[in-house]
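Visitor: I have not looked at this structure before. Please take me through it by question and answer.

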Amino acid sequence: MMEVEDVALSRLHTDDRNARKGNVQAIAESLKEFGQHRAIVAQRSTGKIIAGNHTFLAAQTLGWQTVSVHWVETVS
């Protein structure tokens, strides 16, 4: 079972090598209306976001202080 915890946005950072282009505004509108239903995946030791970069950015634009995160220990 995946353990998820609420984490301060200040503990996380996006992956500069992320090639995906997401619509942050559309994600922000979805978060505002429905909330966060899927946790961001991040490397515990570095705080680097592995999956959910655009959700993180959308949460920032909404002024959220925390997001749900599933931590992983290693990144391949």
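Visitor: Which strand does β1 join, and how many bridges are there?
Guide: This is a predicted model. In it, β1 runs antiparallel to its partner, a strand made of residues 66-72. Within this pair, Glu5 stands opposite Val69. The strand joined to β1 is β4, and the number of bridges is four.

Visitor: What is the order of the strands in the open sheet?
Guide: The sheet has four strands with mixed pairing. β1 (5-8) and β3 (49-51) have a single partner strand each, so they stand at the edges, with one side left without a neighbour in the sheet. On average, neighbouring strands are turned by 55° against each other, direction ignored. The order is β1-β4-β2-β3.

Visitor: In what sequence do the elements of the protein chain run from the N terminus on?
Guide: The chain has two helices and four strands. Among contacts between residues at least 6 apart in sequence, 85% join residues at least 24 apart. From the N terminus on, the elements run β-α-β-β-α-β.

Visitor: At what angle does helix α2 run to β3?
Guide: Helix α2 covers residues 53-61. This helix lies across β2 (40-43), β3 and β4. Its angle to β3 is about 115°.

Visitor: Is Asn53 buried or exposed?
Guide: Asn53 is found in helix α2. Its side chain reaches the backbone nitrogen of Asp15 at 3.0 Å, and Asn53 touches Thr14, Asp15 and Asn18, leaving aside residues up to four places away in sequence. The relative accessible area of Asn53 is 6%, and the limit for this class is under 20%, so Asn53 counts as buried.

Visitor: How many residues does the largest nonpolar core have?
Guide: Those with the most contacts inside this core are Leu12, Ile40, Phe56, Val67, Val69 and Trp71. The elements giving two or more residues to the core are α1 (24-34), β2, α2 and β4. Trp71 also touches residues including Glu5, Arg11, Gln43 and Arg44. The core has 14 residues.

Visitor: What radius of gyration does the protein chain have?
Guide: The C-alpha atoms fill a box of roughly 30 × 25 × 25 Å along the principal axes. Of the 76 residues, 30% count as buried. A compact globule with 76 residues would have a radius of gyration near 11 Å, and the value for this chain agrees with that. The chain has 12 Å.

Key. Residues numbered from 1 in each chain as written. Predicted model: local features only at pLDDT ≥ 70, side-chain atom pairs only at ≥ 80, totals over all residues. Heavy atoms only, no water. Pairing = 2+ DSSP bridges. Axes fitted to C-alpha atoms, helices over the stretch in contact; angles between N-to-C directions. Contact = heavy atoms within 4.5 Å. Core = buried A, V, L, I, M, F, W, Y, C linked by side-chain atoms within 4.5 Å. Buried < 20%, exposed > 50% of the residue type's maximum accessible area, 1.4 Å probe, protein only. Polar contact = N/O pair within 3.5 Å; in protein donor to acceptor, adjacent residues only side chain to side chain. Rg over C-alpha atoms; globule rule 2.2 N^0.38 Å.
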